Amino acid sequence: MKIAVVILNWNGKALLKEFLPSIIANTQDATVYVADNASTDDSICFLKAEFPQIKIIQNTLNGGYAKGYNDALKHLDEDIFCLVNSDVEVTKNWLNPIINTFKTEENTAIIQPKILDYKKKSYFEYAGAAGGFIDKYGYPFCRGRIFDTIEEDRGQYNDSSKILWASGACFFIRKDVYKTLKGFDETFFAHMEEIDLCWRAFNLGYQTKYIAESTVYHVGGATLNATNPKKTYLNFRNSLATLTKNASGNLFFLLFSRLTLDGLAAFKFLLSLKFSHIFAILRAHFSFYTRLPKLLKLRKTLTQNTVKYYKTKSVVWSYFASRKKHFTDL
């Protein structure tokens, strides 16, 4: 079973310098690639000089996470694609439990390791933690992280288990499944594209898993941090698109509910005087509604699985009204 470890880079020389050595030192049984998204710094020259053993894929433009990986992966023929953020530190033998799972579980198509915080290593990291789920209305959360509440790793999620989505920070997928799904939705640019891909895989009957025996550490926010309104815009817009494309049931009811809940999110930003984030939510909705006719046409071409996709009806209600702050409380 051949593995390609692919790191997407855009003007990230400093991150490559810091984190690439851990990947090289702990990745003997895979081919390591850096897929460069038309960087304007000297990332490529740096790689050629300092890491000549790394294979470089040069994309012609910065198409974000989704198009960047789609463009890079079409050149590769390994059996398993491992997509790793440039701000991830891996650990010894991180690949072995994941590859063993792929070898023994034919229906497991996508895998995520345990993702801990690089800056606070006893805690889970926001973008993935111990595997992702969504609620009925498409809001994502993780084992180990609900909204801004992040749990300490005390071994409570050391059980490898089925999840709905795997984090794009460290994301393993079978090549044939990736091609069956036609890769990431490039209209997303960045954020939520891995949730959309995993949901489409779920709707076709494939399984996504979290493997606790493999651990990586993620900085998070190195490209676009949580205080940036653009991140808010992309998350809200892409979440609505993901829900429209993949959710079974009464779509009109789901979208109307989301409109109400997103309004409450905007009100929360108002109380915090974060006006730029309010406008980001408004922009996200206007962008979504202009794209809605195309999304509805796309929805007709996709499978919506009647199996229940959500862990809880409303994680917003559970978290803010019922004060359930941990995954095990849901």
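Two residues are in contact when heavy atoms of theirs lie within 4.5 Å of each other. In the protein chain, 77% of the contacts between residues at least 6 apart in sequence join residues at least 24 apart. The model is predicted: local features need pLDDT of at least 70 and side-chain atom pairs count only at pLDDT 80 or more, whereas totals for chains, interfaces and linings use all residues. Residues are numbered from 1 along each chain as its sequence is written, and side-chain values use heavy atoms, with hydrogens and water left out.

The chain contains ten helices and 13 strands, which are DSSP runs (helices: H or I, at least four residues; strands: E, at least two) numbered from the N terminus. Its radius of gyration, taken over C-alpha atoms, is 19 Å, close to the 20 Å of the globule rule for 330 residues, so the chain is as compact as a globular protein of that length; the rule is 2.2 Å times the number of residues to the power 0.38. Of the 330 residues, 58% are buried, that is, under 20% relative accessible area with a 1.4 Å probe, protein chains only.

Leu243 belongs to helix H7 (residues 229-246) and is buried, with a relative accessible area of 0%. Beyond residues up to four places away in sequence, Leu243 touches several others, including Trp199, Leu251 and Tyr309.

Glu193 lies in helix H6 (residues 193-203). Leaving aside neighbours within four places in sequence, Glu193 is in contact with Tyr65, Ala66, Phe184 and Phe188. A polar atom of its side chain lies 3.0 Å from the backbone nitrogen of His191.

How values were computed: A polar contact is a pair of N or O atoms within 3.5 Å; within protein, one must be able to donate a hydrogen and the other to accept it, and residues adjacent in sequence count only if both atoms are side-chain atoms. Buried means under 20% relative accessible area, exposed over 50%, partly exposed in between (1.4 Å probe, protein chains only).
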